[in-house]
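Here's a quick briefing on how the parts of this chain sit together, plus a look at one residue. Have the model open as you read.

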Amino acid sequence: MTGSVTVVGLGPGDPDLLTRSAEAALARAEDLIGYIPYVARVPERPGLIRHATDNRVEVDRARHALELAAAGRHVAVVSGGDPGVFAMAAAIFEAVEAGDPLWRTLEITVEPGITAMLAAAARLGAPLGGDFCAMSLSDNLKPWAVITARLDAVLRADFVVSLYNPISKARPWQLGRALALAAEIRAPDTPVIFARAVSRPDEALRVLTLAEARETTADMATLVIIGASATRLISRGDGVPYVYTPRSVPA
Ligand code: SAH
């Protein structure tokens with residue numbers, strides 16, 4: 001019998017936001033592979049071998065999964081949010097493309113999850129109501145010059161911009177530069193959302209203006225959303241306003 005690899009999106013954190021299809025894929029798995037905090041989210045059960053790793057090289061993890069599947073195992077590879085958004089799904093296909101031709105005959109499926117950007121947007125209202133884009137600010141896998149060129153282009157095109165991986169210990173300055181670039185292009189009162197640990201017990205939401213926004217407001221668990229020119233706020237009782245971007249754009 002041939003093995004399989006299912007790349008499973010675990011959603012932003014709250015188990016209620018895991019799809020039933022993802023849950024079923026986890027229940028079928030014999031081996032579970034992923035970065036430690038994601039593997040920790042999947043309950044232990046007899047018959048499931050957990051391979052939690054702190055190796056951040058995703059392609060290494062992908063190869064391991066494919067080797068196990070080639071040996072006949074049913075493997076689930078887990079990512080937070082959606083596995084296709086700055087996560088393991090692309091690493092799996094990169095490994096397949098470059099690897100053993102036998103891997104192409106394995107059954108490989110991807111189970112989508114709710115990505116951080118959509119979970120954060122839902123908490124705030126509808127900040128992604130118009131055209132938007134998503135970028136990873138990490139320069140581990142691409143040059144910083146590419147990131148700034150893309151960011152400059154989408155800011156000028158007036159997209160709402162979601163920034164994943166805004167900051168880490170090894171990358172302390174990138175978000176500050178990105179916000180400074182935004183301030184050159186967008187108005188100082190543009191809303192900027194800092195959505196931290198959405199749907200987890202330590203969730204924290206802040207809405208600042210671009211003039212107030214600082215990189216120190218973010219950490220590795222934060223998603224940053226920079227509003228477009230039409231993005232606006234509706235104040236409400238409890239402090240954090242609704243944020244929305246109308247779908248309509250004047251002619
Ligand atoms: N595949 C994931 C993204 C991986 S990149 C997804 O689809 O959500 C990791 C980045 O995602 C973090 O640095 C942070 O910017 C964002 N992120 C992941 N989970 C989050 C959450 N629950 N709340 C806010 N941001 C989150």
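The chain splits into domain 1 (4-114) and domain 2 (117-244), with bounds from an automatic or database domain assignment. This is a predicted model, where local features need pLDDT of at least 70 and side-chain atom pairs count only at pLDDT 80 or more, while totals for chains, interfaces and linings use all residues. Numbering runs from 1 along each chain as its sequence is written, and side-chain values use heavy atoms, leaving out hydrogens and water.

- The C-alpha centres of domain 1 and domain 2 are 28 Å apart.
- Nine residues from domain 1 and 11 residues from domain 2 make the contact (heavy atoms within 4.5 Å).
- About 670 Å² is buried between domain 1 and domain 2, with 66% of it on carbon and sulfur atoms; buried area is the accessible area (1.4 Å probe) that two parts lose on being put together, summed over both.
- On the domain 1 side, Pro 12, Phe 86 and Ile 114 lose the most area to domain 2, together 62% of what that side buries.

**Ile 33**

- Ile 33 is buried, at a relative accessible area of 0% (buried means under 20%, exposed over 50%, partly exposed in between, with a 1.4 Å probe and protein chains only).
- Arg 61 is 28 residues from Ile 33 in sequence, and their C-alpha atoms are 7.3 Å apart in space.
- Not counting residues up to four places away in sequence, Ile 33 touches residues including Val 39, His 51, Arg 61 and Leu 68.
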